[in-house]
Amino acid sequence: MTNNRRMLVLRAVVEDYIRSQEPVGSSSITRDHALGVSSATVRNDMAALEDEGYLVQPHTSAGRIPTEKGYRYFVDKLATVVPLSAAQRRGIDTFLSGSVSLEDTLQRAARLLSRITGQVAVVASPSLARSALRRLEIVPLTPGVLLVVVITDTGRVAQRTLNLADCPDGDGVAKLSDAVNEQCQGMSLLQAAECVGRISASPAFAGMQSLGASLAEVFGDMASQEQSSNLYMAGASTLTRSSVANVADLAPLFDALEEQVVLMKLMSSLSEVSSKAGGVSVAIGSETHTPGLMHASVVTSGYGRSSSPSKATDGDESVAAAEPVAFVGSIGPTHMDYAAAMAAVRAVARYLTGFMSREENGEQV
């Protein structure tokens with residue numbers, strides 16, 4: 001589209017339709033938007049936009065409503081995403097900083113995002129496959145039985161129980177644990193598995209090959225759990241109570257929310273795109289390639305390790321994920337307020353990125 005006035009007309013139609021949920025006519029655009037042209041000119045522009053596939057007229061006598069193509073152009077070219085105010089950012093910080101654990105933080109983040117947008121919020125916990133080893137603890141429980149506790153840089157804590165016929169004594173277990181923490185810290189779990197194998201194969205740890213092999217197997221098993229993330233959701237009841245909710249569209253949406261594996265794959269893919277683009281990714285309707293989301297849109301951003309341990313704020317571009325370890329997103333109807341949803345998702349994602357950074361550096365959260 002190269003006609004600047006038509007772009008303004010499209011923006012007006014999308015914004016008015018998002019606000020009113022009623023087909024938008026040329027007279028209302030002329031009245032409510034200072035375009036400096038007559039209603040007849042606006043009507044001609046709307047007809048041209050309809051011919052180009054950006055608008056559709058549901059009834060002959062009605063105004064126009066945006067198509068999926070119209071929403072896409074609006075999101076890509078016309079929407080103005082205003083950063084949250086300092087007061088709003090402080091509100092996010094206050095609400096989320098009261099958490100007592102990673103899981104509590106993610107649950108709070110989902111509730112907060114849903115409260116801001118009025119839509120379904122989805123927050124994924126970091127998968128072990130994308131985590132690095134922070135610390136290993138091995139606790140003897142009974143003779144031949146050890147509790148292995150793996151703490152990752154993303155705050156995840158995973159436990160496994162090992163049963164060994166030839167279990168080393170307590171001093172030997174402590175010696176191997178100390179060596180792993182010294183030599184493998186900061187490695188991915190796959191790298192840590194290889195590192196443990198090398199350590200236990202060295203002469204200094206003669207007789208501990210069985211324990212070393214079992215530890216390496218534990219790390220390798222955790223690293224293979226790409227789908228081990230938990231999904232925290234909030235806001236489904238809020239969406240059903242919305243005055244603009246279309247029950248016919250919500251039913252398949254709720255079915256799609258039940259398919260967590262499909263949802264995770266979609267939003268993980270979008271979060272990787274958003275990370276490369278340095279912001280937020282939006283999939284509209286058929287772009288989700290998910291039958292239950294044909295009348296919905298998904299706004300997603302990845303969160304992960306930050307480039308700086310400084311506190312994340314919505315307006316600080318220096319705090320960005322080098323690679324997302326998980327995602328945060330908002331799901332709602334295609335007539336959602338895209339600008340508001342994108343700003344809210346971005347703000348919460350940046351807080352979680354800062355949280356991950358502080359966790360990784362062992363700072364008090």
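A crossing of two helices is called left-handed if the near helix is turned anticlockwise from the far one by less than a right angle, and right-handed if clockwise. The structure examined here is a predicted model, in which local features need pLDDT of at least 70, side-chain atom pairs count only at pLDDT 80 or more, and totals for chains, interfaces and linings use all residues. Residues are numbered from 1 along each chain as its sequence is written, and side-chain values use heavy atoms, with hydrogens and water left out.

Helix α1 packs with helix α4 (residues 68-78) at an angle of about 110 degrees, their axes 10 Å apart; axes are lines fitted to C-alpha atoms over the stretch in contact, and angles run from 0 to 180 degrees between N-to-C directions. That angle makes α1 roughly perpendicular to α4, a label that covers 65 to 115 degrees. The crossing of α1 and α4 is left-handed. In this contact (heavy atoms within 4.5 Å), M7, L10, R11, V14, E15 and Y17 of α1 meet G70, Y71, Y73, F74 and L78 of α4. By class, eight of these residues are nonpolar, one is polar and two are charged; Ala, Val, Leu, Ile, Met, Phe, Trp, Tyr, Cys and Pro count as nonpolar, Asp, Glu, Lys and Arg as charged, and the others, Gly among them, as polar.

Helix α1 also meets helix α3 (residues 39-51), their axes coming within 10 Å and crossing at roughly 85 degrees. This pair, too, is roughly perpendicular. R5, R6, V9, L10 and V13 of α1 touch T41, V42, D45, M46, A48 and L49 of α3, giving seven nonpolar, one polar and three charged residues.

Further along, helix α5 (residues 86-97) and helix α6 (residues 102-117) pack at about 145 degrees with axes 9 Å apart, in a right-handed crossing. From α5, I92, F95 and L96 take part, facing residues of α6 including T105, A109 and L112.

Note on methods:
Helix = DSSP H or I, 4+ residues; strand = E, 2+ residues; numbered from the N terminus. Parallel < 35°, antiparallel > 145°, perpendicular 65-115°, else oblique.
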